[in-house]
Amino acid sequence: MSKLRVYQIAKDLGVTSKELISKLDEYGVQVANHMSTLEDEEVDIIMELYDINKKETEKSPANIDKKAESTNIIPSKKQPKEKNENMPT
């Protein structure tokens, strides 16, 4: 497996790069920024950590499905521009 960048892993996990960097810092993995690469062992640790966290939050009764909430938002429709008959074409 090749080295992965922090932002790629964050995207796969559905978290921001900043959140992932702070979590890596908690576990003693130093990264400079979102473009830093991680070794396979570090990726495995993060994947296990987020898998455990995901299972705990799924079991929590207070868990709110944010993805479902965001799908209820109806985008505004743009109104077509009316042609002004007095304007030359």
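Modeller: Lys 23 pairs with Glu 26 in a salt bridge, with 3.8 Å between the closest N and O atoms. The rule is a side-chain nitrogen of Lys or Arg within 4 Å of a carboxyl oxygen of Asp or Glu. This is a predicted model, where local features need pLDDT of at least 70 and side-chain atom pairs pLDDT 80 or more, while totals for chains, interfaces and linings use all residues. Numbering runs from 1 along each chain as its sequence is written, and side-chain values use heavy atoms, without hydrogens and water.

Colleague: Where do Lys 23 and Glu 26 lie?

Modeller: Both are in helix 2, 3 residues apart, about one turn of the helix. Helices are DSSP runs of H or I, at least four residues, and strands are E runs of at least two, numbered from the N terminus.

Colleague: And is Glu 26 buried or exposed?

Modeller: Exposed, at 58% relative accessible area. Buried is under 20%, exposed over 50% and partly exposed in between (1.4 Å probe, protein chains only).

Colleague: How many salt bridges does the rule count?

Modeller: It gives 2. Lys 3 and Glu 39 also form one, at 3.2 Å from N to O. That pair links distant parts of the chain, 36 residues apart: Lys 3 comes before strand 1 (4–5), and Glu 39 sits in the loop between strand 2 (37–38) and helix 3.

Colleague: Switching topic, what does Tyr 50 touch?

Modeller: Leaving out residues up to four places away in sequence, Tyr 50 touches Leu 13, Val 15, Glu 19, Leu 20 and Lys 23. Contact means heavy atoms within 4.5 Å.
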